Amino acid sequence: MATNWISATVIENRQLTDRHFALIFEAKLLPFKAGQFARLQVEVLNDDGELEKFANPYSLLNTPNDKYAEVYFNTVTNGKVSNGLASLKPGDTLEIAQPCVGFFVLSQIPDVKNLWMLSTGTGVGPYFSMLKTAEVWERFEKIILVHAVPIANELNYSDLIEKFTIEYPEQFQFIPIVSREDHEGILKGRIPALIKSGELEAKAGIEISKEDSHIMQCGNSGMLKDTKEVLKERGMDRHLNHKPGHISSEQYF
Ligand SMILES: Cc1cc2nc3c(=O)[nH]c(=O)nc-3n(C[C@H](O)[C@H](O)[C@H](O)COP(=O)(O)OP(=O)(O)OC[C@H]3O[C@@H](n4cnc5c(N)ncnc54)[C@H](O)[C@@H]3O)c2cc1C
């Protein structure tokens, strides 16, 4: 099927750290589900110094009802699309493939008591879209958002997280993890190791069990693979439509 590219206009490109950006843009998106992604296309110089279009997928942070679309991204060394997106200014245009796609959505998650949303880096993005919907609060008793980053100043979107914490104090928990710095009261290390040691569950005061938990995980392949291994020891497996399980994953790179 041919890709249908539509034009998008940048409203704001907010730099959050030296390499993290919140790109907010206006586009006539087709209806989509919270958690889905779309390919973004920018025209940048190729290695021969000529203008060329490059595209990569990015998860949307907004819900289908929001006025503007938003993606949370980081620049990658020599990355064509991420650096192209970082250079965009308000009023500039980019292209977005329609419709948005992907199965990392709430309708694919079975009914359970506790929903764990594990993320590394910008992998936290699709959860914000889901957390902005009514469905997630209606379906799950406890929602635990875990965000692992190398340094604490990459724990972006604290305003949004505070809003959920205030609005759903009994239902929502946010657990930050920082791997390369020591911060009092903040878990240090990697998600799989902190599950294995029991520290993540101790922090949440909630057990991860195959009886009442579902794990969503989004981010780099190392975290996804190692977390799957650790959860396998507890009898938890990949969730597939034809073979229900306990783990749903979205791999960024
Ligand atoms: C379904 C899906 C959704 C995605 N959503 C997002 C999103 O919301 N935000 C976001 O920032 N990225 C997201 N990505 C990753 C994104 O598509 C690009 O891979 C990334 O922005 C790099 O693109 P590039 O063109 O700059 O570099 P490329 O030339 O495509 O990649 C250069 C190298 O960087 C590696 N790489 C890719 N991403 C990262 C990263 N984050 N950190 C370190 N190395 C990386 C690649 O493996 C590759 O080796 C998503 C990927 C997928 C598959």
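Analyst: One term is needed at the outset. A residue is called buried if 20 or more other C-beta atoms lie within 10 Å of its own, exposed if 12 or fewer, and partly exposed in between, with C-beta atoms placed from the backbone. The model is a predicted one: local features need pLDDT of at least 70, side-chain atom pairs count only at pLDDT 80 or more, and totals for chains, interfaces and linings use all residues. Residues are numbered from 1 along each chain as its sequence is written.

User: What is the phi of Tyr-157?

Analyst: Tyr-157 has a positive phi of about 65 degrees, although it is not a glycine. Asn-78 also has a positive phi, near 65 degrees. Asn-78 sits in the loop between S5 and H1 and is exposed, because 8 other C-beta atoms lie within 10 Å.

User: Changing topic: how is the protein divided?

Analyst: It is divided into domain 1 (4-98) and domain 2 (106-251), with bounds that come from an automatic or database domain assignment. Their centres, taken over C-alpha atoms, are separated by 25 Å. The contact between them takes 15 residues from domain 1 and 14 residues from domain 2; two residues are in contact if their C-beta atoms, placed from the backbone, lie within 7 Å.

User: Which element gives the largest share on the side of domain 1?

Analyst: S5 does, with four residues. The residues on that side of domain 1 divide into seven nonpolar, seven polar and one charged. Here Ala, Val, Leu, Ile, Met, Phe, Trp, Tyr, Cys and Pro count as nonpolar, Asp, Glu, Lys and Arg as charged, and the others, Gly among them, as polar.

User: And where does the ligand lie?

Analyst: The ligand lies between domain 1 and domain 2, because both give residues to the shell around it. Of the 22 residues around the ligand, Phe-73, Gly-79, Val-81, Ser-82 and Phe-253 come nearest; a residue is near a molecule if its C-beta atom, placed from the backbone, lies within 6 Å of it. S4 gives the most to this shell, with five residues. By class, the shell has 11 nonpolar, nine polar and two charged residues.

User: One last item: which residues of helix H7 are buried?

Analyst: Met-223, Leu-224, Thr-227 and Leu-231 are buried in H7. Seen down the axis of H7, the buried residues fall within an arc of 95 degrees, so they line one face of the helix; the arc is that of the directions from the helix axis to the C-beta atoms. On the other side of H7, Ser-221 and Glu-229 are exposed.

User: What do the buried residues of H7 pack against?

Analyst: They pack against strand S7 (114-120), helix H5 (191-196), strand S11 (213-219) and strand S12 (247-251).

Notes
Helices (H or I, at least four residues) and strands (E, at least two) are DSSP runs, numbered from the N terminus.
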